[in-house]
There are 2 protein chains.
Amino acid sequence: MKSLLLIAHGSRRSQSNEEVKELAEKLKEQCADEYNIIHAAFLELADPLIPDGIKMCIDDGASSVTVLPYFLNSGRHVIEDIPNIVNDTKQNYPDINIKISSHLGASALMMDLLISTAHSAE
Amino acid sequence: MKSLLLIAHGSRRSQSNEEVKELAEKLKEQCADEYNIIHAAFLELADPLIPDGIKMCIDDGASSVTVLPYFLNSGRHVIEDIPNIVNDTKQNYPDINIKISSHLGASALMMDLLISTAHSAE
């Protein structure tokens with residue numbers, strides 16, 4: 001079973017964290033045929049943290065985990081922190097295929113998203 | 001002439017700020033027929049700040065400015081800080097149509113962007 005783990009930074013403002021969890025729920029409704037399991041996790045400041053998020057996916061029966069950094073910029077969090085945490089966590093699950101996707105900001109579809117967002121002001 | 005002003009948070013890491021400016025440049029290439037003028041500006045920590053970004057658009061000849069918050073979450077920055085700064089700046093340009101779009105994270109296309117980003121790990 002394929003799983004997707006959405007990783008946000010995590011905020012002291014619980015509503016921001018809830019938004020990310022709601023996004024993961026919405027994503028689950030829309031692509032249940034492709035990813036059987038979808039969870040959200042946080043780099044810091046909120047639960048679950050990344051290792052716990054990976055564990056949640058595996059406890060749910062995932063044989064693969066795609067970690068998706070929900071970040072716009074390729075800063076230290078995307079380049080170092082998330083890969084380091086994921087690589088450390090991988091050691092505990094040698095039989096599970098755990099991989100990291102590009103961060104959201106790197107997507108080729110970003111232009112379309114920006115234009116459609118700009119139109120919301122019209 | 002219509003203009004689009006992309007607003008990011010701004011970072012102490014200059015490469016992150018450059019990424020936002022490059023995104024604005026790319027956007028300019030792709031939608032020059034719709035928005036004649038496109039600039040990037042920052043809420044804090046980097047130049048130009050929002051009032052200067054709005055001024056740049058107007059100095060370039062814009063008759064309207066669409067301010068697009070390049071933010072994923074609807075936190076205080078999106079709900080209060082950016083609208084407050086934009087409303088204050090508006091007073092200086094009574095003849096210009098200055099409006100704020102939804103923030104990026106609110107877009108209906110976000111699901112598509114997430115799925116295509118997840119596929120980059122395959």
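This is a predicted model: local features need pLDDT of at least 70, side-chain atom pairs count only at pLDDT 80 or more; totals for chains, interfaces and linings use all residues.

Me: How many bridges join β3(A) and β4(A)?

Reply: Four bridges, in the parallel sense. As a place to look, Ser64(A) stands opposite Asn97(A) of β4(A).

Me: How do I describe two packed helices?

Reply: Two numbers are used, the angle between the axes and the distance between them. In chain B, α2 (residues 50–59) and α3 (residues 76–90) pack at about 50 degrees, and their axes are 9 Å apart. That angle makes α2(B) oblique to α3(B), because angles from 65 to 115 count as roughly perpendicular and those under 35 as roughly parallel. The crossing of α2(B) past α3(B) is right-handed.

Me: Which residues make the contact between α2(B) and α3(B)?

Reply: Ile50(B), Pro51(B) and Ile54(B) come from α2(B), while Ile82(B), Ile85(B), Val86(B) and Thr89(B) come from α3(B). By class there are six nonpolar residues, one polar and no charged ones.

Me: What about the loop between β2 and α2 of chain A?

Reply: Check the backbone angles there. Pro48(A) is in that loop, and the peptide bond joining Asp47(A) to Pro48(A) is cis, with omega about -5 degrees. Leu45(A) also has its place in the loop between β2 and α2 of chain A; its phi is positive, about 70 degrees, although Leu45(A) is not a glycine.

Me: Is Leu45(A) buried, exposed or partly exposed, and why?

Reply: Count C-beta neighbours: Leu45(A) has 15 inside 10 Å and therefore counts as partly exposed, since buried needs 20 or more and exposed 12 or fewer.

Me: How many residues does each chain give to the contact between chains A and B?

Reply: Chain A gives 34 residues and chain B gives 34 residues. On the side of chain A that touches chain B, α4(A) gives the most, with nine residues. That side of chain A divides into 16 nonpolar, 13 polar and five charged residues.

Definitions and conventions: Residues are numbered from 1 along each chain as its sequence is written. Chains are lettered from A and ligands numbered from 1 in the order in which they are written. Two residues are in contact if their C-beta atoms, placed from the backbone, lie within 7 Å. Helices (H or I, at least four residues) and strands (E, at least two) are DSSP runs, numbered from the N terminus. Ala, Val, Leu, Ile, Met, Phe, Trp, Tyr, Cys and Pro count as nonpolar, Asp, Glu, Lys and Arg as charged, and the others, Gly among them, as polar. Two strands pair if DSSP finds at least two bridges between them. Axes are lines fitted to C-alpha atoms, for helices over the stretch in contact, and angles run from 0 to 180 degrees between N-to-C directions. Angles under 35 degrees count as roughly parallel, over 145 as roughly antiparallel, 65 to 115 as roughly perpendicular and the rest as oblique. A crossing is left-handed if the near helix is turned anticlockwise from the far one by less than a right angle, and right-handed if clockwise.
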